[in-house]
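Please look over the sequence and the structure first, then read the points grouped by topic.

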Amino acid sequence: MSEYTIIYFPVRGRCAAMRMLLADQGQVWKEEVIGMDQWSDGVLKKTCLFGQLPKFKDGDFVLFQSNAILRYLARKHDLYGKGDKEGAQIDMANAGVEDLRIKYAILIYKDYDTGKEDFIKTLPSALKPFEDLLAKNNGGKDFLVGSKISFADYNLVDLLSNFEVLSPGCLKATPLLKAYVNRVLSRPKLKAYLESDAHKKLPINGNGKQ
């Protein structure tokens with residue numbers, strides 16, 4: 001079995017989706033938790049390719065950038081669709097998730113007090129592309145692409161779970177997405193992880209806003 005290590009701050013943040021993927025796939029991993037004092041001294045930061053975390057290890061192999069890590073794990077655990085076309089569609093969906101995640105991060109870390117209301121108002125239109133993707137795939141009964149879960153599903157479900165904390169009930173306008181999130185979160189291994197202290201005791205974001 002692979003020796004995975006996630007090196008990150010004591011938050012869910014950019015590592016929540018990869019932890020969900022690993023847990024759901026029955027994988028074991030280690031966590032190296034980095035406090036702000038350790039990060040601020042600059043020693044670790046200098047070793048990070050782009051000067052940021054997360055850092056991920058598979059034995060001696062090291063990766064940076066959360067989406068690159070997700071893709072690497074997807075290739076290793078057959079979570080990248082069937083064939084090139086499904087793989088491309090999964091990449092497309094994940095790029096859409098990343099666009100939305102960046103907007104969420106800007107809200108949380110820069111515009112929370114002044115921008116929360118407007119952000120919530122835009123959620124139905126922001127989520128419509130994902131609702132449409134689901135609708136085109138077996139009437140929303142499967143995943144974003146194909147009949148098997150992919151890394152993009154973990155990424156999207158994590159983000160949508162954050163939105164439900166930000167604005168409870170926000171998925172009512174997208175019933176296929178709401179059912180999809182519930183379906184993914186009910187997967188036994190993933191559910192067990194999400195109910196564990198390893199997940200629940202971590203804040204969603206680093207500044208306490210959610």
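Apart from its neighbours within four places in sequence, phenylalanine 163 is in contact with Leu100, Tyr104, Phe119, Leu123, Leu127 and Cys170. The model is a predicted one. Phenylalanine 163 is also among the residues with the most contacts inside the largest nonpolar core.

**The nonpolar core**

- The largest nonpolar core holds 64 residues, and Leu53, Leu144, Phe163 and Tyr180 have the most contacts inside it.
- At least two residues of this core come from each of S1, H1, S4, H4, H5, H6, H7 (175-185) and H8.
- The helix that gives the most to the core is H5, with 13 residues.
- As a general background, nonpolar side chains tend to be buried together in soluble globular proteins.

**The sheet**

- Four strands make up an open sheet with mixed pairing, in the order S2-S1-S3-S4.
- The edges are held by S2 (29-33) and S4, each with a single partner strand, so one side of each has no neighbour in the sheet.
- On average, neighbouring strands of this sheet are turned by 20° against each other, direction ignored.
- In general, strands of a sheet pair through backbone hydrogen bonds, in either a parallel or an antiparallel way.
- The pairing of S3 with S4 is antiparallel and runs over four bridges.
- Lysine 55 stands opposite phenylalanine 64, which belongs to S4.
- Helix H1 lies across S1, S2 and S3, and runs at about 160° to S1.
- Helix H4 also packs on the sheet, where it touches S1, S3 and S4, and its direction makes about 135° with that of S4.

**Helix H4**

- In helix H4 (residues 66-76), the buried residues are Ser66, Asn67, Ile69, Leu70, Leu73 and Ala74.
- Viewed down the axis of H4, these buried residues fall within an arc of 155°, so they line one face of the helix.
- A general rule applies to such patterns: an α-helix has 3.6 residues a turn, so residues three or four places apart point the same way.
- The buried residues of H4 pack against strands S1 (4-8), S3 (55-58) and S4 (61-64), and against helices H1 (16-24), H5 (83-136) and H6 (151-166).
- Serine 66 is located in H4.
- Its relative accessibility is 9%, so serine 66 counts as buried.
- Leaving aside neighbours within four places in sequence, serine 66 is in contact with Arg14, Met18 and Pro54.
- Just after H4, aspartate 78 has a positive phi of about 55°.

- The buried residues in H7 include Leu177, Tyr180, Val181 and Val184.
- Down the axis of H7, its buried residues fall within an arc of 100°, so they line one face of this helix.
- Among the elements that cover the buried residues of H7 are H5, H6 and H8.
- Serine 161 lies in helix H6.
- With 25% relative accessibility, serine 161 counts as partly exposed.
- Leaving aside neighbours within four places in sequence, serine 161 is in contact with Val181 and Leu185.
- Serine 161 and valine 181 are 20 residues apart in sequence, and their C-alpha atoms are 7.9 Å apart in space.

**Aromatic residues**

- There are nine aromatic pairs in the structure.
- One of them is formed by tyrosine 8 and phenylalanine 9; this pair is tilted, with 5.5 Å centre to centre and 50° between the planes.
- Tyrosine 8 and phenylalanine 9 are both buried.
- Tryptophan 29 and tyrosine 193 form an edge-to-face pair, with 5.7 Å centre to centre and 65° between the planes.
- Tryptophan 29 lies in strand S2 and tyrosine 193 in helix H8 (residues 188-194), so this pair ties together parts that are 164 residues apart in sequence.
- Tryptophan 29 and tyrosine 193 are both buried.
- One aromatic cluster is made up of Tyr4, Phe56, Phe61 and Tyr72.

Terms used. Residues are numbered from 1 along each chain as its sequence is written. This is a predicted model: local features need pLDDT of at least 70, side-chain atom pairs count only at pLDDT 80 or more; totals for chains, interfaces and linings use all residues. Side-chain values use heavy atoms; hydrogens and water are left out. Buried means under 20% relative accessible area, exposed over 50%, partly exposed in between (1.4 Å probe, protein chains only). The arc is that of the directions from the helix axis to the C-beta atoms. Contact means heavy atoms within 4.5 Å. Two strands pair if DSSP finds at least two bridges between them. Axes are lines fitted to C-alpha atoms, for helices over the stretch in contact, and angles run from 0 to 180 degrees between N-to-C directions. Rings of Phe, Tyr and Trp (its six-membered ring) pair if their centres lie within 6.5 Å; planes under 30 degrees apart count as stacked, over 60 as edge-to-face and the rest as tilted. A nonpolar core is a set of buried Ala, Val, Leu, Ile, Met, Phe, Trp, Tyr and Cys residues joined through side-chain atoms within 4.5 Å.
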